[in-house]
Amino acid sequence: MPKKNESLTDQIAALAEGRHTPLSLAEKALERATALADLNAFVALDENIVMTQAKAANLRRKRGGALSPIDGVPIAVKDNYLTREYPTTACSDAVPLEPAGLDATVVANLRRAGAVIFGKTNMHEWAYGATNTTSNIGPTRNPHNQDHITGGSSGGSGAAVAAGIISAALGSDTGGSVRIPSSACGIYGFKPSYGRASRHGVL
């Protein structure tokens, strides 16, 4: 059973109080992602991309110019959101959408708030399933018990948060794809009202 992890609220407070920096949060998240690679939560994760963002957030905070309370917080993104640095595959063997400098609107909004976009998470292929056992990189494993499913289709995001790799992640939810893995992984999940968050750039 994973130990109690820092919540997003915990990390926001720690940044504001100087107990964490964007660099320390990014380094800790990268270390945990490596240590817990057997969960298969991530499709794409690049240390240089993560640390470049963390260094920029660190500099803004040092200068007193944080963009928002989440400036410098690592947040992962489900692999059906367009992201400008990573391919988007929807965990399918189909030809991936190569990065073309474009973000989904929700990802762009996080960037404008200074969030550190922390890699792409595993998912049930094309978001068409509730188990996260069908993916071109293999199933995601539940950090509480690796013999159990994470639920899907946002299972990689659920596992990454439940394991304490990151404190928050984007999912997508048409018929339970955030709520099912949140329940299965023992974390909070939220589906906004339809139209509240833009679907532009989401497969």
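Residues are classed here as nonpolar (Ala, Val, Leu, Ile, Met, Phe, Trp, Tyr, Cys and Pro), charged (Asp, Glu, Lys and Arg) or polar (the others, Gly among them). The structure is a predicted model, in which local features need pLDDT of at least 70 and side-chain atom pairs count only at pLDDT 80 or more, whereas totals for chains, interfaces and linings use all residues. Residues are numbered from 1 along each chain as its sequence is written, and side-chain values use heavy atoms, with hydrogens and water left out.

The lining of the largest pocket comprises 26 nonpolar, 18 polar and 6 charged residues. A pocket is an open set of points, on a 1 Å grid over the protein atoms alone, where a 1.4 Å probe fits, with protein on both sides within 12 Å along at least five of seven lines; lining residues have an atom within 4 Å of a point. The largest pocket holds about 1,500 Å³ of space, the volume being the space filled by probe spheres set on the points, which are joined across faces, edges and corners. Of its 50 lining residues, Ala 169, Leu 170, Gly 171, Val 178 and Phe 190 lie nearest the centre. At least two lining residues come from each of α4 (105–112), α5 (155–162), β4 (168–170) and α6 (179–185); helices (H or I, at least four residues) and strands (E, at least two) are DSSP runs, numbered from the N terminus. The greatest contribution, 4 residues, is made by α5.

Four strands form an open sheet in the order β1-β3-β2-β4, with mixed pairing; two strands pair if DSSP finds at least two bridges between them. From one strand to the next, the twist averages 45 degrees, angles running from 0 to 180 degrees between N-to-C directions of axes fitted to C-alpha atoms, for helices over the stretch in contact. Strands β2 (residues 74–78) and β3 (residues 116–121) pair in the parallel sense over 4 bridges, with Pro 74 opposite Val 116 in β3. Helix α5 packs on the sheet, touching β1, β2, β3 and β4, and its direction makes about 175 degrees with that of β4; contact means heavy atoms within 4.5 Å.

The loop between β3 and α5 contains Ser 153, which is joined to Gly 152 by a cis peptide bond with omega of about 15 degrees. Trp 126 is found in the loop between β3 and α5 and has a positive phi, near 55 degrees. Most residues other than glycine have a negative phi, and most peptide bonds are trans.
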